[in-house]
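Here are some exercises to work through with the sequence and the model side by side. Try each task yourself before you read the solution.

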Amino acid sequence: MDKKTIALVGNPNSGKTTFFNMLTGANQYVGNWPGVTVEKKVGTFTHNRIEYDVVDLPGCYSLGAFSEDELVARDYILSDDADVIVNVIDASNIERNLYLTTQLLEMGKKVVIALNMVDEAKRRDISFDLDALSRALGAPVVPTVASKEIGKDALIEAAIAAMDEDKEPVNPVAYTDAVEHHIEHLHALLEERALPYPADWTAIKIIEGDADIAQKLHDMRVDEDVLQGVDNFRRYHGSDSFELDVVDSRYAFAHRVAEQAVVRPEQEVVTLSDKVDRVFTNKYLGIPVFALIMLVVFQLTFAVGQDLLGGVAVEIIEGLGGGIEAFLELIHAPAWFIAFMNDGAVNGVGAVIEFVPLIAVLYLLLGLLEDSGYMARAAYVWDDLMRRFGLQGKAFISMIIGFGCTVPGIMSTRTMDNRKDRMITLLITPFISCGAKLPIYLVFIAAFFPSYGGLVLFLLYAFGIFVALVMAKVFNQTMFRGESSYFIMEMPPYRIPTVKNVLRNMWDNVSGFIKKAGTIIFLVITLLWVLAVLPTSVEPYSEFSLLGRIGAFLAPIFRPAGFGTWQEAVALFAGIPAKEAVVGTLGMLYAGQYLEEGMILVDAIRQHFTPLTALSYMTMVLLYTPCAATLAIVAKETKSARWPVFMALYTFAIGWLVAVIVYQVGSLFIG
Amino acid sequence: MTKMLTTLRKGDGGKVIGIDAGKTATKRLYEMGFNTGASVKIIKNDSGPVIVSLNGSKMAVGRGLAGKIQLEATEQNAGCI
């Protein structure tokens, strides 16, 4: 028997992720959607010794064709790969959540409703008539509190029971007469055409003016008269307000259901959340509160991640390295192999592993902010300022996430429902200094600005944000001119973060980081090492090595910025696969060995740089071409090879330009 | 009386009667619950996006967009369902 699949669908902030974690625990993996390279989360659970798959669809408010997330969710549901859809609903917010439900019912899918966070609803004095709700929707309803694992078994049993039932689901929405008339008409045209979609649903989508479905019908080469019919409809009714009428009808249904099945207090209960918001979204306090929170996040990241745990990681790596070396000597491994293991594998990969505690703490804290609902407030308080640069508040969330790592920062742009906002945010996020660039600054700061470390670091981060905003403005007035932008966002109530969610999120990110260390960085270091010691007739690590020659060829580009040696050029290019390699490469080439930290490297840096070239080099590192993982995710998200190439080149140009300005202007003052 | 969302003050309530924005933005607002007849209550309207209570959740709407939402003002400080 085939393994059965449950798909989770729900609004953002409906507790769907918590729900997924409750059902599957640690049995999760990340795959790709069929046909597209957008990541999907899949998990399994076992009930009565039968294993089931759970697919976590992206959170969305609708199943139109607005954002990437909506399309991915909708295509999956239409594919019939799921045996039942579990629709997670926020109990405190029933109408808007039911809006999504109506669309599942329109698709004719087997749906089980998880009425989630009933505890929160109870605190707000909201109560339910579950039978009435279930009757009105024609689907089983199970009350749940996913964060406390309440209702888990009942939900699983209801879902399994629904899989085997062969009752035909009915669409309970009553549309306007005109819409009903057109549905009937289009239905007649569409039925018996062997479409992979239900005829009624397809008809509704055509009436809604859905561009995606029109394109899909076209690509499927359906009969000419169908295409003609669809075209005619769009021609004659394109300017009618049918699509809004359809939304109104769905909401009318949702309101009717709520009237029958939900009892709400006369006056809304003022919750703690409302009180907190009076401070956090306050006209004057909003931004200072945000600054304070971010300051605490960064301070804690360094205090715990570096000062407290960083040393432990270094010791583990060094101990491991010593052990490997001793073992290799014991078995009389060839000298070149020992050198490679030391310079490349242990020190190269180890250099990255040393930052695991730092990254882990940063992700833990960002995860707490996200799970608590604060991120929406950050977007809110920044919206006004972001607007002046042609962006919207949501872009700020991507930027904050970008402090940790650019890749998830760019992935978070998926929630934006507007192409222009999304593209601009995606293009500027690399200027937000990510965690991997931090070690580079730390080494230069130790060499030249030991007493002003905090200030230099702060200025670099701030400058990165500044360049990002300026570029947003530039893009807004050039490439994306005239496209409309708008801001509409739900402000979920503050919630106590779920331990499982936060840890899960941290682990997903940290394991990705470690994987990167073991693969890309290892390959880069290996390649550089080979190039640095070949040909064997010359001195390793010298300018006569292959690497030296490549570097000498590239170096003149950087001479106007003050750092024109071949080693410095090679280090910058080594940073394109992964930023962590910059410092390591400088160490390998300047100190004759792969070093990540310690006084030898700092001394070597001090010998080869001046405070001014250190500044221009750091600016270059801050702004230039992002790492390969970022470029790869840009290719994925934009489904194009042009955007990542554009990004690689324009960021390089800006980094170079600013570094040159820093050096040339600085030289005037120093003389 | 017809008013724009941006002209209402904290505590005021109203029913959506129309949206005068572009096609995409209008549909988005409708889908998020600002559809015909929806009752909203202003939670915050000073600087930055307007925050309203809608169907039991809080929604922030940028000022530009909020200025295109037409409401029929109901009583001041009216309890919103």
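**Exercise 1. Describe the fold order and overall dimensions of chain B.**

Step 1. Starting at the N terminus, the elements of chain B follow the order β-β-α-β-β-β-α-β; helices (H or I, at least four residues) and strands (E, at least two) are DSSP runs, numbered from the N terminus. That gives chain B two helices and six strands.

Step 2. The radius of gyration of chain B is 11 Å, close to the 12 Å from the globule rule for 81 residues, so chain B is as compact as a globular protein of that length. Here the radius is taken over C-alpha atoms, and the rule is 2.2 Å times the number of residues to the power 0.38. The C-alpha trace of chain B spans about 30 × 25 × 25 Å along its principal axes.

A note on the model: it is predicted, so local features need pLDDT of at least 70 and side-chain atom pairs count only at pLDDT 80 or more, while totals for chains, interfaces and linings use all residues. Residues are numbered from 1 along each chain as its sequence is written, and chains are lettered from A and ligands numbered from 1 in the order in which they are written.

**Exercise 2. Work out which parts of chain A touch chain B.**

Step 1. Count the contacts: 32 residues of chain A meet 31 residues of chain B, where a contact puts C-beta atoms, placed from the backbone, within 7 Å.

Step 2. Find the elements. On chain A, helix 3 (94-106), helix 11 (242-261), helix 17 (374-388) and strand 10 (488-491) each give two or more residues to this side. Helix 11 of chain A provides the largest share, five residues.

Step 3. Sort by class: the chain A side has 13 nonpolar, seven polar and twelve charged residues. Ala, Val, Leu, Ile, Met, Phe, Trp, Tyr, Cys and Pro count as nonpolar, Asp, Glu, Lys and Arg as charged, and the others, Gly among them, as polar.

**Exercise 3. Follow strand 10 of chain A across to chain B.**

Step 1. Strand 10 of chain A runs antiparallel to strand 5 (residues 57-61) of chain B, and four bridges join them; strands pair if DSSP finds at least two bridges between them.

Step 2. Check the faces. A:Ile488 and A:Glu490 point one way, A:Met489 and A:Met491 the other, and all are buried. In a regular strand the side chains alternate between the two faces of the sheet.

How values were computed: Contact = placed C-beta atoms within 7 Å. Buried ≥ 20, exposed ≤ 12 C-beta atoms within 10 Å, placed from the backbone.
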